[in-house]
Amino acid sequence: MSRSDGFRDKTSAAEQSTFFSVAPEAEAKRPPSEKVADDKVGHRRRLRERFENGGADALPDYELLEMILFRAFPRIDTKPIAKRLIAKFGSFADVVSAPGNRLKEVEGVGDRAVEELKLIKAAAERLTRGQIATRPALSSWNGVLDYLRLVQGFETREQFRILFLDKKNQLIADEVQGQGTVDHTPVYVREVVKRALELSASAIILVHNHPSGDPTPSRADIDMTKQIIDAARPLGVAVHDHIIVGRNGHASLKAMRLI
């Protein structure tokens, strides 16, 4: 139950200051654990102020991770955990994209921490996908590349994805057609064309990732792309590009004049 306003009116400023402050001798007797807790509160407040004033650019990767982990660890210093995550995976992007079981290999990381990190990844994917879904893909090409690197560039197994576009090059559907091993994904030309016709797509963008990090296309990548182009063209479906993504960037078969 709170005090009445009358109590506050009748209490002097000096009395209020004495009432709410901690005497020096009392502070000296406080357990070390409580003082450490106060230090964490101050550290978290300073991080939040820096983020508020300067945005994400004002914080290195490990401090941004610290802030994300605040909710998972309300009473624990998150800096050591954040630094261990960066030491293991290398960067903020690698951490939030890492599989949950790999994240749990880091000391101090459990289900709650993994949930917070995966929430950040899901939010970023939803945001970037929303940005390309409302505009013609070819007019927001950098946004398309950012989205593809985000959703696939850090995968540990190859995935084959197709972006299906209408006559205005707006996104109809974004589907993962297959998932394979660390260096191979089976692609069935007939199924690719069949799905494009089912969605009444006028064009498609083929996408797959190289878990090695190097997006350089292989001979098999080029040959498979040409087979899909040859099968889709007579049915009125254009293949705009085949994008290969990896941790170290992306490769466009069209830009490289390979198709």
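Which residue in β5 is the bridge partner of I243? In the predicted model examined here, that partner is S252. Strand β4 spans residues 238-246 and strand β5 spans residues 249-252; the two run antiparallel and are joined by 4 bridges. Together, β4 and β5 form a hairpin, with 2 residues lying between the strands. In a regular strand, side chains alternate between the two faces of the sheet.

Helix α5, comprising residues 61-69, packs against helix α6, comprising residues 79-89, at an angle of about 125°, and the axes of the two helices are 8 Å apart. Because angles of 65 to 115 degrees count as roughly perpendicular and those over 145 as roughly antiparallel, this value makes α5 oblique to α6. The crossing in which α5 passes α6 is right-handed.

The surface of the model was also examined for pockets. The largest pocket holds about 210 Å³ of space. Its lining consists of 12 residues, and those that lie nearest the centre of the pocket are E158, H184, T185, A220 and D221. Helix α12, which covers residues 219-232, supplies the largest share of this lining, namely 3 residues. Among the residues nearest the centre, A220 counts as nonpolar, whereas E158 and D221 count as charged and H184 and T185 as polar.

Note on methods. Residues are numbered from 1 along each chain as its sequence is written. This is a predicted model: local features need pLDDT of at least 70, side-chain atom pairs count only at pLDDT 80 or more; totals for chains, interfaces and linings use all residues. Side-chain values use heavy atoms; hydrogens and water are left out. Two strands pair if DSSP finds at least two bridges between them. On a 1 Å grid over the protein atoms alone, a cavity is a set of points where a 1.4 Å probe fits but cannot get out, and a pocket is an open set with protein on both sides within 12 Å along at least five of seven lines; lining residues have an atom within 4 Å of a point. Grid points are joined across faces, edges and corners, and a volume is the space filled by probe spheres set on the points. Axes are lines fitted to C-alpha atoms, for helices over the stretch in contact, and angles run from 0 to 180 degrees between N-to-C directions. Angles under 35 degrees count as roughly parallel, over 145 as roughly antiparallel, 65 to 115 as roughly perpendicular and the rest as oblique. A crossing is left-handed if the near helix is turned anticlockwise from the far one by less than a right angle, and right-handed if clockwise.
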